[in-house]
Amino acid sequence: MFTVEQIESAHNKVKTGADFPNYIKEIKELGVKSFETWVKDSHTEYFGEHDYATKSQPKYADLTIENTLDKEKFIQQLKSHQKGETDYMKFCEDCAETGIEKWIVDLEKYTCIYYDKNGNEILTEEIPH
């Protein structure tokens, strides 16, 4: 089974959102089926076959997730990030500022779904593969 250390090694190659598809390919090859990342502190829960799961430690001090969702601003900031204009920390700050609490990536369906604090699906994106 995969380890958090292997996943973090792959993640360290990600400098901007433009690098995300390669990261996804690499961790899928490790056996990751899906993962859930919490914007508050960027801890992530990873899931594999046979109910295997592991969890990373928080990556930074807690961010405050805004109660009011600003979907249009989030989409604008996400597109900027995907073009490589912002780094991961800035993207997480942008998510918190616009009311995004977490995202779930499904490596079988190649989707990334963003959620607000109420558990509402805000945006579903297909991951290039």
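Residues are numbered from 1 along each chain as its sequence is written. In this predicted model, local features need pLDDT of at least 70, side-chain atom pairs count only at pLDDT 80 or more, totals for chains, interfaces and linings use all residues, and side-chain values use heavy atoms, with hydrogens and water left out. The mean pLDDT (the predictor's confidence in each residue, from 0 to 100) is 94 for the protein, and 100% of its residues reach 70 or more. Confidence is lowest in helix α2 (residues 20-30), with a mean of 92, and highest in strand β1 (residues 34-38), at 98.

The protein contains 4 helices and 6 strands, taken as DSSP runs numbered from the N terminus (helices H or I, at least four residues; strands E, at least two). Along the sequence these elements follow the pattern α-α-β-β-β-α-α-β-β-β. The radius of gyration is 14 Å, which agrees with the value near 14 Å for a compact globule of 129 residues; this radius is taken over C-alpha atoms, and the globule rule is 2.2 Å times the number of residues to the power 0.38. The C-alpha trace spans about 40 × 25 × 25 Å along its principal axes. Of the 129 residues, 42% count as buried, where buried means under 20% relative accessible area, exposed over 50% and partly exposed in between (1.4 Å probe, protein chains only). Among contacts (heavy atoms within 4.5 Å) between residues at least 6 apart in sequence, 47% join residues at least 24 apart.

A search of the whole structure finds 9 aromatic pairs. Rings of Phe, Tyr and Trp (its six-membered ring) pair if their centres lie within 6.5 Å; planes under 30 degrees apart count as stacked, over 60 as edge-to-face and the rest as tilted. The pair of Y23 and F35 is edge-to-face, because the ring centres are 6.3 Å apart and the planes stand at 70°. Y23 belongs to helix α2 and F35 to strand β1, so this pair ties together parts that are 12 residues apart in sequence. Both Y23 and F35 are buried. F35 also pairs with Y46, with centres 5.7 Å apart and planes at 45°, so that pair is tilted. Since Y46 lies in strand β2 (residues 44-47) and F35 in β1, the pair ties together parts that are 11 residues apart in sequence. Y46, like F35, is buried. Elsewhere, ring pairs link F74, Y88, F91, W103 and Y114 into a cluster.

In helix α2 the buried residues are Y23, I24 and I27. Seen down the helix axis, these residues fall within an arc of 100°, so they line one face of α2; the arc is that of the directions from the helix axis to the C-beta atoms. They pack against α1 (4-11), β1, β2 and β4 (100-106). The face turned away from the buried side carries the exposed residues N22, K25 and E29. Just after α2, G31 takes a positive phi of about 115°.

Most residues other than glycine have a negative phi. H50 has a positive phi, near 55°, and D51 has a positive phi near 60°. H50 is placed in the loop between β2 and β3 (53-55), and D51 lies in the loop between β2 and β3. H50 counts as exposed at 72% relative accessibility, and D51 counts as exposed at 79%.
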